[in-house]
Amino acid sequence: MSSYAANSPVTGDHAGLNYINCERGIWSWLTTVDHKRIALLYLFTISIFFFVGGIAALLMRTELARAGADFLDPSTYNMLFTLHGAIMIFLFIVPGIPATMGNFLIPLMIGAKDVAFPRMNLLSYYIYVVGALMALIALIPGQFIGQIFPIFGKFLVSIGLPQAVDTGWTFYAPYSLQSGTAVIWMTGAAFVLGFSSILTGLNFIVTIHKLRAPGMTWNRLPVFVWASYATAVIQTLATPVVGITLLLLIMERSMGIGIFDPKLGGDPVLFQHFFWFYSHPVVYIMVLPAFGVVGEIIPVFSRKPLFGYRAIYISSLAIAIAGFLVWAHHMLVAGISDTSAIYFSVITFIVAIPTAVKVFNWVSTMYRGSISFETPMLYAMGFIFLFMIAGTTGIYLATLAVDVFYHDTYFVVAHFHYTIQGGAVIGLMAALHFWFPKMTGKMYNEWLGRICWVLVFVGFNLTFLPQFVLGMEGMPRRYFDYLPQFQSLHTLSTVGAYINAAGYTLALLHLLLTAIFGKTLAPDNPWDALSLEWQTPSPPPHDNFEVTPVVTEYPYAYGKPVEGDHHA
Amino acid sequence: MSHHTDHRAATKSGIDPHELGHILPFVVYKRTFIILVVLTIVTVVAAELNISKYSAALAMAIALGIASVKAFLVATNFMHLKYENPVTWLYAGFPLVLLAILIGLLFIDNPFRVDPLPGLEAQRVIRPGVVAQELVAEAEAKAAH
Amino acid sequence: MNSHVSSEAQPGQIGPPIAHHMDPVTAYHAAKLGMWLFLATEILLFGGMFAAYALYHWMYFEEFHNASRQLNPIIGGFNTVVLLFSSFTAALAVDAAQHGRNDKVVKNLLITIVCALIFLVVKYFEWSAKAEHGLFPGTSHDGIAFNSPEFITMYASFFGLYYCLTGLHGIHVVAGMCLLIWVMQKARKNRFSQDYYTPVEIGALYWHLVDLIWIYLFPLLYLVG
């Protein structure tokens, strides 16, 4: 062992200095290489885009509340669902938990001072910002920009930027090859955003391999770190494939190389194959970290060791790997061969198993535990309920005979909102509340947190449960208008959407205002948790730990010791 | 000890260079390069033999096989992969597994598609969209007889 | 421990850079793992195009063989040997750095960069020759324009894939050159030693990837048919 450790400067500055107040001024934030500050930069930015995407959703739901055209026209509607999908996916939930909570927590949880490549971490953030700006330019209708910012609107017209993209976030050929809209800008933006995701994933993999504190063996890693590791593997290895797909789409659109365009002998389904080869693993990027968050929260609020710790981390890895094998279940009725469809249907059924293992383990953790219902626990329990619905409806869609009827209906829309919103976003909300005291040193208002949770939970289910029924009755997705028989369910769904939006707005405002103006200071370890991030001050000092910690056991030894539960 | 100008930068950082990368003898690099050039010549000659006339699969297997041997040599000797730890092997190999999955599963799709309209299969090769419509009309007319 | 000091005061003899969160040995291994991960992403990036090529080669067998005959395998073979040699000198540069010989690092990297330049020049002439025969985007020959229906009947998507594959590869050659020039500049300032040569090693790793991709591109594009 080199002499470096003995010579390293003692960290932990004088009392009262933490990562927030150790340096002041906006420039220190914009040029920081501290993973905790970068996490907050990401959090701030993705929240803004969450609201932009949310406003698009509310506009659509308001239009859809009644049959017939209300205040939108069909082509604007197409641009809106493209904007909503692309922003929510590429700008919000894919960076989502990894870029925010992952960045903040991973070094703390493994006992390191920072991630392996701090400057690359900051670069990742700025690449994300550039990609996000490119995406906004491509997605927001020019006429809309022109009404608010006339000069900027004129500028966009002058550089020849065509209309906002209307292909849907999936950019399927051949329409994306023909659409007279800013497809190249948008796909270019997605390519840039992919780069940010790759670099973050790469950083996390190296960090977890190389920077664990003494005694932090793989068997003692918190499940959130395991989940982040599995996520990082997907981020690093799946994203390049969508990168090349988008590049090829740009080439096809500009040069006509003949690989997606049927007029030139290409196969448009090949685009779908390549697109979904990434876009299926990407949903695991969204939800695996949420699994990790839930796995952290449940033992703490049940005061019981996590049931089946090894099964949980093995299932995280299994999900990451198996997620690469199932992509064409998004294409079961797109014209692939029957052989192929049968294979993908069967393997999709199998990939549900590791997730079921996790659900079983979380519930078993709660069994005979001493449960308390703080806001993070409410979100975590809500996650289990919502993800069960998500997962089982996914099985319906994977069933070939059923998918013939459900594909491209509201059933699919409801299913993926249950997985992404009911899964990943609820996971993010759980994480934000759970680690809020660690990140800010302040305590949020528990009752406000719970009220917002009720709004979010009720609103979400009211929005999307009716959509399952709509899908079963045949209502197609991405439709601007519909037959009158669907109206009552649509109206119900819109009411839910407003409640849902109120819940998120209030919750995030509550957290933001408490972070800035809150007076209640939080102790270092308000939840009495055992993982390393709770053994350092709230908020942590710049270098995370006063002294490099040495780890001797795994972080779930809550309550009474369980027979046979060794994790030495 | 000679007193010529020593271009080796000396440091006192206390690091043992053996904890860093593995040092290979020069002859390993030289031999690897020579084998690579020989294999390149072999693969060009093999292509001239025109094996694809008899078996396209065999020709492709030979070409890709030789390329893979070359790639393996570059990776293990030039890139020192032989002396790296298992984690690096995992991440060097995993992309290849993923590509095998991608290409493999692509090939259970296209080759097994069944032609929905008889007669279109032979025509599907390359005819621009307008012509495809004519073909559909033709096939329908034939089916109507 | 080596305690030779050069008779000339050399700038840059400051050993590995100090990172506040890792010791230098960990930093070296972390940088190498990071670069291997990045190479993994590059393999997948090109791999997607190889998958498209595989599918269309199977679908349009005759047309691909037709089209490949328009390429010159001798020129392709020459470029292959040039890149293999550049990989050889890049490996020698790392070896020199491991022995603390900054002068040899500079020499070997220079040869590598010159080889890269030769590769690009040859590529340029290849592409111009294609343009003369109407085999380049935007050109036409004998009345048949690039990727017109008649063109596609003869060659399918071979040339589209050819330009995308070699074009993206060429971009990586340029990127690799820039990276190696940056490393060479550091070597010229005697920055490296037996204790610290990380940039040389990871720069060389990137360069080897560029070579690896070409090792597969050559037979698939030039030696078909």
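Helices here are DSSP runs of H or I with at least four residues, and strands are runs of E with at least two, numbered from the N terminus. The model is predicted: local features need pLDDT of at least 70, side-chain atom pairs count only at pLDDT 80 or more, and totals for chains, interfaces and linings use all residues. Residues are numbered from 1 along each chain as its sequence is written, chains are lettered from A and ligands numbered from 1 in the order in which they are written, and side-chain values use heavy atoms, with hydrogens and water left out.

**Cavities**

A cavity is a set of points, on a 1 Å grid over the protein atoms alone, where a 1.4 Å probe fits but cannot get out; lining residues have an atom within 4 Å of a point. Grid points are joined across faces, edges and corners, and a volume is the space filled by probe spheres set on the points. The whole structure holds four cavities of 30 Å³ or more. In the table, Ala, Val, Leu, Ile, Met, Phe, Trp, Tyr, Cys and Pro count as nonpolar, Asp, Glu, Lys and Arg as charged, and the others, Gly among them, as polar.

| Cavity | Volume | Lining by class |
|---|---|---|
| Largest | about 160 Å³ | twelve nonpolar, five polar, no charged |

The largest cavity is lined by 17 residues, and the closest to its centre are Phe90(A), Val94(A), Pro95(A), Leu193(A) and Ser197(A). At least two lining residues come from each of helix H5 (96-110), helix H10 (183-210) and helix H11 (223-255) of chain A. H10(A) gives the most, with six residues.

Around the second largest cavity stand Leu43(A), Ser47(A), Phe50(A), Phe92(A), Val425(A), Leu428(A), Met429(A), Leu432(A) and Leu508(A). Helix H3 (35-64) and helix H17 (410-434) of chain A are the elements that give two or more residues to this lining. The largest share, four residues, is that of H17(A).

**Two individual residues**

Gln272(A) sits in helix H12 (residues 268-302) of chain A. With a relative accessible area of 9%, Gln272(A) is buried (under 20%; over 50% is exposed and in between is partly exposed, with a 1.4 Å probe and protein chains only). Leaving out residues up to four places away in sequence, Gln272(A) touches Tyr172(A), Met331(A) and Ala334(A), where contact means heavy atoms within 4.5 Å.

In chain B, Gly65(B) belongs to helix H2 (residues 56-78). Gly65(B) counts as partly exposed because its relative accessibility is 30%. Its C-alpha atom is 13 Å from that of Ala47(B), 18 residues away along the chain.

Note on methods
1 Å grid on protein atoms, 1.4 Å probe; cavity = no way out; pocket = protein on both sides within 12 Å on 5 of 7 lines; lining within 4 Å.
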